[in-house]
Amino acid sequence: YGNLKADLVFLQEKLNGQIYIDNVINNSIVPLFAAKQQLTLMLDGAIPHTARIVADHLANLGIAVLPWSSESPDMNPIKLLWYQLERRVRARQQPPTNLAEQCRALQEEWDAIPAERVRRLTVSMRRRCLAVMAANGGHTRY
């Protein structure tokens, strides 16, 4: 799988489907998928992620999207990374006091998370999905 750790994207405006396409998909996801063949994109149920314009754009780009149930938000491995990132920023000796410091702290802590951690979470998706199917959609250890 190589390095699947994408860059953080900081947005100044409220996120909608078009902003998501312009700032995240086209700038971060497309280059990642161009470099790595046979990837599948996983999106949570956030409105900008599920907008028709986003689905159409991804389909036009030929990017496969993992069907995702809104009933399974805890299965999303990115939640573990967000939690780790939040914990690392909160643990800093000098906590951020403004937006610029917050963005800088987030970027520094994101950069400090090893790409191997992201790779392991990515590889775990097959096991996660199989566990959900074995549990008939019920509770799993994930």
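A: A salt bridge is counted here when a side-chain nitrogen of Lys or Arg lies within 4 Å of a carboxyl oxygen of Asp or Glu. The model is predicted, with local features requiring pLDDT of at least 70 and side-chain atom pairs counting only at pLDDT 80 or more, whereas totals for chains, interfaces and linings use all residues. Residues are numbered from 1 along each chain as its sequence is written, and side-chain values use heavy atoms, leaving out hydrogens and water.

Relative accessible area is classed as buried under 20%, exposed over 50% and partly exposed in between (1.4 Å probe, protein chains only). Glu86 is partly exposed at 38%, while Arg90 is exposed at 65%.

Within helix H6 (residues 115–134), Arg119 and Glu116 are three residues apart, about one turn of the helix. Their side chains form a salt bridge with an N to O distance of 2.8 Å. Arg119 is partly exposed at 27%, and Glu116 is partly exposed at 36%.

Arg92 and Glu108 form a salt bridge at 2.5 Å, N to O. This pair links distant parts of the chain, 16 residues apart: Arg92 is in the loop between H4 and helix H5 (99–112), and Glu108 is in helix H5. Arg92 is partly exposed at 23%, as is Glu108 at 39%. A network of salt bridges links Arg88, Arg92, Glu108 and Glu109.

Terms used:
Helix = DSSP H or I, 4+ residues; strand = E, 2+ residues; numbered from the N terminus.
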